[in-house]
Amino acid sequence: MVSGGRVRSLRPRGPGPLRSLRLPGAGPRARGFGVRRLLGPGRFFGPPRQRVASAAAACTPSLTLVFLLLCVELVLVLGDLHIPHRCSGLPVKFKKLLVPGKIQHILCTGNLCTEETYDYLRTLAGDIHVVRGDAESLNYPEEKVVTVGQFRIGLIHGHQVIPWGDVASLALLKRKLDVDILISGHTHRFEAFEHENKFYINPGSATGAYNALETNIIPSFVLMDIQASTVVAYVYQLIEDDVKVERIEFKKY
């Protein structure tokens, strides 16, 4: 967290497992369900929504049961796949969660690297937006602005931002694009924060591809549920072969 309250970071605290979620009627230490439980019938458990200034509520994939099935504006945010040069493909556990027909929009920060990867994303949603990555051979635009509901969303890869992920540089780009949410990648590490009443998301690398500085990358992607003036972002991370989910909320004023 940056002093002064202007930047409120929601980066996960370390690579270890997230805390268990207490489920009503399921015992004091009830833990999350696997993929089969997520796709099957059941109740929707979880804490009430919180402001983005609060710490992201740690939860399990089962928290998103109703979210996956009933959400009207569901936006998949991912990038830096680097298939097949650095990774062979998306983690199997991620593919099982990304069900065709449930997602309305896809925003990709680039480095898909092959048309086959783009074609796979097209099976998940018809409305897909991709920007050009620094290791991209395909002809995508350098930046895009997409409107979903009440939100203008800016999309860039992130190699244009110097230093990588620098808040001041991102804020300048946000003002240039005149957006409510700015999505960028390139660092291969998930990050989300609010700055000057705007929301910034870096979905990380969906495959866990290494970057120029480190090889131990946690695979991650983000699902945004956009409802009126509120965005609820669900951050999926594959930690020690287990999918962990955090829930973050941002409200537009």
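Contact here means heavy atoms within 4.5 Å. The structure shown in these views is a predicted model.

**View 1. Alanine 206 and the residues in contact with it.** Alanine 206 is located in the loop that runs between β10 (198-202) and β11 (220-227). Apart from residues up to four places away in sequence, alanine 206 touches Leu78, Gly79, Asp80, Leu81, Leu90, Pro91, Phe94, Pro219 and Ser220. Its relative accessible area is 0%; because buried means under 20%, alanine 206 is classed as buried. Isoleucine 217 stands 11 residues from alanine 206 along the chain, and the C-alpha atoms of the two are separated by 9.8 Å.

**View 2. Tyrosine 140 in the loop between β5 and β6.** When neighbours within four places in sequence are set aside, tyrosine 140 is in contact with Leu112, Tyr118, Val130, Val131 and Arg132. One of these residues, valine 130, is 10 residues from tyrosine 140 in sequence, with a C-alpha to C-alpha distance of 6.5 Å. The relative accessibility of tyrosine 140 is 15%, and the residue therefore counts as buried.

**View 3. The cis peptide bond between isoleucine 83 and proline 84.** Most peptide bonds are trans. The bond that joins isoleucine 83 to proline 84, however, is cis, and its omega angle is about 5°. Proline 84 belongs to the loop between β3 (74-78) and α3 (92-97).

**View 4. Asparagine 111, a residue with positive phi.** Most residues other than glycine have a negative phi. For asparagine 111, phi is positive, with a value near 60°. This asparagine 111 lies in the loop between β4 (105-108) and α4 (115-124). Asparagine 111 counts as buried because its relative accessibility is 0%.

**View 5. Histidine 188 in the loop between β8 and β9.** Strand β8 covers residues 181-183 and strand β9 covers residues 191-195, with histidine 188 in the loop between them. Histidine 188 is a residue other than glycine with a positive phi, near 70°. Its relative accessibility is 2%, so histidine 188 counts as buried.

Note on methods:
Residues are numbered from 1 along each chain as its sequence is written. This is a predicted model: local features need pLDDT of at least 70, side-chain atom pairs count only at pLDDT 80 or more; totals for chains, interfaces and linings use all residues. Side-chain values use heavy atoms; hydrogens and water are left out. Helices (H or I, at least four residues) and strands (E, at least two) are DSSP runs, numbered from the N terminus. Buried means under 20% relative accessible area, exposed over 50%, partly exposed in between (1.4 Å probe, protein chains only).
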